[in-house]
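Please read it alongside the sequence and the coordinates.

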Amino acid sequence: SLGEYIAATIAGVLDFKTALRLVCMQARLLNDQATNGRMLAVLTSVDDFSGNPDDYAGASLACVNYQDNFIISGDHDLIVNIRQRLEQRNVLTALLPVAHSFHSNHIDGIHADFIRQASEVEYAKPAINFYSASPQILAENLGHEHLWRAIREPVNFYNVISEIKNSKDYTFIDLSPTASLVAFMDRIFGKHERHRFAINQFGKNLETLDKLVADVKKAESL
């Protein structure tokens, strides 16, 4: 969801300082009004969420990474209890190191203040294709409502990455600190030379980044 601000900046929708100001505003609102949240990665079929409603009662489906990897979000104690129930069924889970329950009704309290402040900003049309992980995958007109959906509605990585994959002319570069997104790509579509990462959790980040730049330049020259 924070990636929406980065994408909006690169696409010319927002200038850097405005985007940074909006990110800081969002962080302040969450810190003041939406503390004590938690998010949980669940490593089983996403159908388990709808198929076992009692186990997930009160939680929101926050993210679908791929068919067997999704994230739920909600109040801290609620998520901890859900994790215990899932582990009793031998479902693998992992608590995410975040303090807020993004993409859930737990953050609805910041909605009015977020919209009021974000609506004061001017938004340009994207200068390049803008792919979003929120419900509007290929977005053409972005504004404060889009930014709100990006933090409140579920993130469907699988859907948006499938849309980009179908365009065929792409290079996917994972800029996260763990290379987890490119691992999701490999899991969904199989390993491919167009799936690249900038850094990884094993160190040697400068060497990894240098290799990425060299590989991309080589691919562009072909």
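In this predicted model, helices α2 and α5 pack with their axes 10 Å apart, at an angle of about 160°. That angle is over 145°, the cut-off for roughly antiparallel, so α2 is roughly antiparallel to α5. The crossing of α2 past α5 is right-handed.

**α2 against α5**

- On the α2 side, the contact is made by L22, M25, Q26, L29 and Q33.
- On the α5 side, D113, F114, Q117 and A118 meet them.
- By class, the residues of this contact divide into five nonpolar, three polar and one charged.

**The buried side of α5**

- Helix α5 spans residues 111-118, and its buried residues are F114, I115 and A118.
- These three cover an arc of only 95° around the axis, so they sit on the same side of α5.
- An α-helix has 3.6 residues a turn, so residues three or four places apart point the same way.

**α1 against α2**

- Helix α1 covers residues 2-10 and helix α2 covers residues 16-33.
- Their axes come within 9 Å and cross at roughly 170°.
- This angle makes α1 roughly antiparallel to α2.
- The crossing of α1 and α2 is right-handed.
- From α1, the contact residues are L2, Y5 and T9.
- From α2, they are F16, A19, L22, V23 and Q26.
- The contact of α1 with α2 has six nonpolar residues, two polar residues and no charged ones.

**α7 against α8**

- Which way do α7 and α8 lie relative to each other? They are roughly perpendicular.
- Helix α7 (residues 157-166) packs on α8 at an angle of about 70°, and the range for roughly perpendicular is 65 to 115 degrees.
- The axes of α7 and α8 are 11 Å apart.
- F157, Y158, I161, S162 and K165 are the contact residues of α7.
- Their partners in α8 are L181, F184, M185, I188 and F189.
- By class, this contact of α7 with α8 has eight nonpolar residues, one polar and one charged.

- N90 has a phi near 60°, a positive value in a residue other than glycine.
- N90 belongs to the loop between α4 (76-88) and β4 (92-95).
- Is N90 buried or exposed? N90 has a relative accessible area of 71%, so it counts as exposed.
- A179 also has a positive phi, near 60°, and is likewise not a glycine.
- A179 is placed in the loop between β8 (172-174) and α8 (180-189).
- With a relative accessible area of 9%, A179 is buried.

**T208 in α9**

- T208 is part of helix α9, which runs over residues 205-221.
- Its relative accessibility is 15%; buried means under 20%, so T208 counts as buried.
- Which residues does T208 contact, leaving aside its neighbours within four places in sequence? They are F197, A198, I199, N200 and G203.
- One of these, A198, is ten residues from T208 along the chain, with the two C-alpha atoms separated by 6.3 Å.

**M39 in β1**

- M39 is found in strand β1, residues 37-43.
- M39 has a relative accessible area of 6%, so it is buried.
- M39 and P97 are 58 residues apart in sequence.
- In space, C-alpha to C-alpha, M39 and P97 are 8.0 Å apart.

Definitions and conventions. Residues numbered from 1 in each chain as written. Predicted model: local features only at pLDDT ≥ 70, side-chain atom pairs only at ≥ 80, totals over all residues. Heavy atoms only, no water. Axes fitted to C-alpha atoms, helices over the stretch in contact; angles between N-to-C directions. Helix = DSSP H or I, 4+ residues; strand = E, 2+ residues; numbered from the N terminus. Parallel < 35°, antiparallel > 145°, perpendicular 65-115°, else oblique. Left-handed = near helix turned anticlockwise from the far one by under 90°. Contact = heavy atoms within 4.5 Å. Nonpolar A, V, L, I, M, F, W, Y, C, P; charged D, E, K, R; others polar. Buried < 20%, exposed > 50% of the residue type's maximum accessible area, 1.4 Å probe, protein only. Arc of directions from axis to C-beta.
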